[in-house]
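Hello,

Here is the structure I promised to pass on. Please have a look at it first, and then read my notes below.

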Amino acid sequence: MSLDSQRLITGVLITVTGEVDTTNAAQLETYLSRQVRAGEPLLLDLGGLTFLDSMGLHLLIRLNAALSEQGAALHLAAVRGAPARILEITGLSSALNIHTTAEQAITSILAEQAQP
């Protein structure tokens with residue numbers, strides 16, 4: 001797994017490539033906890049994600065709930081292949097903010113922030 005972060009005016013963008021599974025989900029969670037500020041939207045660009053197991057799914061569920069409690073939102077972008085299929089099969093694709101591209105996600109975040 002490879003991780004990269006970028007500060008945006010809308011929050012933080014984390015690019016995740018490779019596989020998220022039992023062996024590294026905790027590493028991803030630690031990385032995210034260091035990058036995300038309380039109440040700030042998080043955008044995960046998953047275009048390079050090739051595999052996601054139940055630990056990765058559980059992490060996304062917990063992360064979504066934690067951000068929601070803070071009044072922020074989790075946005076996923078460019079989910080493809082096996083990870084997209086897993087989200088679809090589990091029903092999480094309808095429960096999470098999923099966008100075709102990171103640019104679409106940023107536009108959505110900006111629209112949310114513009115609302116009173």
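A contact here means heavy atoms within 4.5 Å. This is a predicted model, in which local features need pLDDT of at least 70, side-chain atom pairs count only at pLDDT 80 or more, and totals for chains, interfaces and linings use all residues. Residues are numbered from 1 along each chain as its sequence is written, and side-chain values use heavy atoms, with hydrogens and water left out.

Let me start with aspartate 45, which sits in strand β3 (residues 42–52); strands are DSSP runs of E of at least two residues, and helices are runs of H or I of at least four, numbered from the N terminus. Leaving aside residues up to four places away in sequence, aspartate 45 touches Leu13, Ile14, Thr15, Val16, Ala77, Ala78 and Ala102.

Aspartate 45 is buried (under 20% relative accessible area, with a 1.4 Å probe and protein chains only). A polar atom of the aspartate 45 side chain does lie 3.0 Å from the backbone nitrogen of glycine 47.

One of the residues touched by aspartate 45 is Ala78, found in the loop between β4 (74–77) and α3 (81–90). Alanine 78 counts as buried because its relative accessibility is 8%. Its phi is positive, near 60°. Most residues other than glycine have a negative phi.

Best wishes

Technical notes: Buried means under 20% relative accessible area, exposed over 50%, partly exposed in between (1.4 Å probe, protein chains only). Lys and Arg count as positive and Asp and Glu as negative; His and the chain ends are not counted. A salt bridge is a side-chain nitrogen of Lys or Arg within 4 Å of a carboxyl oxygen of Asp or Glu. A polar contact is a pair of N or O atoms within 3.5 Å; within protein, one must be able to donate a hydrogen and the other to accept it, and residues adjacent in sequence count only if both atoms are side-chain atoms.
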